[in-house]
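My entries follow the display.

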Amino acid sequence: MEGQNYNVCFDMETGDPDDVVSLLILLAHPRVQLRAVTIYPGGKDQIRFVRRLISSVQGKMPKTKQHPISIGGHMNWTEKPQTKKYLSAGISKHFPDANTGVDEDGDAQGHQVLADTIAKFGPDTLIITGGPLSNIAALLEHHPEISLNRIVCQGGFAGDNVVPEQHRLKKFAGLTELQSDQTSNVCQQKRLPRRLLH
C-alpha cells in the first residue's frame, strides 16, 4: 500500500478471528479509509457486534478516521433475525462492549451497501473479502452498472498440496482447488479486469 491511499470496502464473516483482526487493521491503517463493511451471512447480532466494534475503535482514532462506515449483510435480516452460530464466542468474549445490547439492522443489504459506496467513491474503491463471496456475487447480479477495478479475495482455504497432512481440515480433505460455484462465478466475471490468484 506504499504511497497510495485507498477507499476500502471490507466483506467479512464474524466466526473466525482473521476477519476481525483484518477489520481492526483496516480501521487503523494510515493509508486506508474504510467506507463500508459487509457481513456474511449478516444477522442482526453480527451487525451489532461489527458496528459497536467499529465505534469503539473509531473513538480512539484521529478525526480523519472518524467518519461514517456503512454496514450491510447478505441475508434479509427481517426473515432470519439471528445467526448466533456465525458469531464466535471465542472472538466476541474479547470485545465485551461490542457483544452486548440490542441486535441491530444494517444500513441496507450487503450488495446495496457496496453499490452505493462504489457509486460515491468511484470504481477504484478497493474491495477486500475475507469470507464467502455472497455479497460480491449479489453485487454483480443486481448492479450491472457498477464497475469494479480492484477486488482482493483471501480466505482460509488451502488445499492438500499446500498444507501438511497433520494440519489439514477434514472439510478440505482431498481438495487442491476451492470447490465453490460462487467463487468461480465471481472470478470469471469480465467486469473484473485483472485476476491474480495466489
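The entries below go from the strands to the core and then to the salt bridges.

**Basis.** I worked from a predicted model, in which local features need pLDDT of at least 70 and side-chain atom pairs count only at pLDDT 80 or more, while totals for chains, interfaces and linings use all residues. Residues are numbered from 1 along each chain as its sequence is written, and side-chain values use heavy atoms, with hydrogens and water left out.

I took helices (H or I, at least four residues) and strands (E, at least two) as DSSP runs numbered from the N terminus. Two strands are called paired if DSSP finds at least two bridges between them. I found that strand β1 (residues 6-13) pairs with β2 in the parallel sense, over eight bridges. Within that pairing, D11 stands opposite T38 of β2. Right-handed here means that, with the strands pointing away from the viewer, the path from the first strand over the helix to the second runs clockwise.

Strand β2 also pairs with strand β3 (residues 70-73), in the parallel sense and over four bridges. There I39 stands opposite G73 of β3. From β2 the chain crosses through helix α2 (residues 44-58) to β3, and this β-α-β crossover is right-handed.

I checked the cover of β2 (residues 32-40) and noted that eight of its nine residues are buried. Buried means under 20% relative accessible area, exposed over 50%, and partly exposed in between (1.4 Å probe, protein chains only).

**Cis peptide.** I noted a cis peptide bond between Y40 and P41, with omega about -10°. P41 is placed in the loop between β2 and α2. For reference, most peptide bonds are trans.

**Nonpolar core.** I used the term for a set of buried Ala, Val, Leu, Ile, Met, Phe, Trp, Tyr and Cys residues joined through side-chain atoms within 4.5 Å. The largest such core has 26 residues, and L23, L34, V37 and V50 have the most contacts inside it. At least two of its residues come from each of β1, α1, β2, α2 and β5 (126-129). Helix α2 gives the most, with six residues.

I listed the partners of V50, contact meaning heavy atoms within 4.5 Å. Beyond its neighbours within four places in sequence, V50 touches M12, T14, L23, V37, I39 and I71. Another core lies apart from the largest one and has 15 residues, including A115, L139, L140 and L148.

**Salt bridges.** I counted a pair when a side-chain nitrogen of Lys or Arg is within 4 Å of a carboxyl oxygen of Asp or Glu. The count comes to four.

D105 and K44 meet at 3.4 Å, N to O. D105 is in the loop between α3 (89-92) and β4 (108-109) and K44 in helix α2, 61 residues apart. I recorded both as partly exposed, D105 at a relative accessible area of 39% and K44 at 23%.

R51 forms a salt bridge with E104, the closest N and O atoms being 2.9 Å apart. R51 lies in helix α2 and E104 in the loop between α3 and β4, so the pair ties together parts 53 residues apart in sequence. R51 is itself partly exposed, at 23% relative accessibility.

R51 also meets D107 (3.5 Å, N to O). D107 lies in the loop between α3 and β4, so its pair with R51 of helix α2 ties together parts 56 residues apart in sequence.
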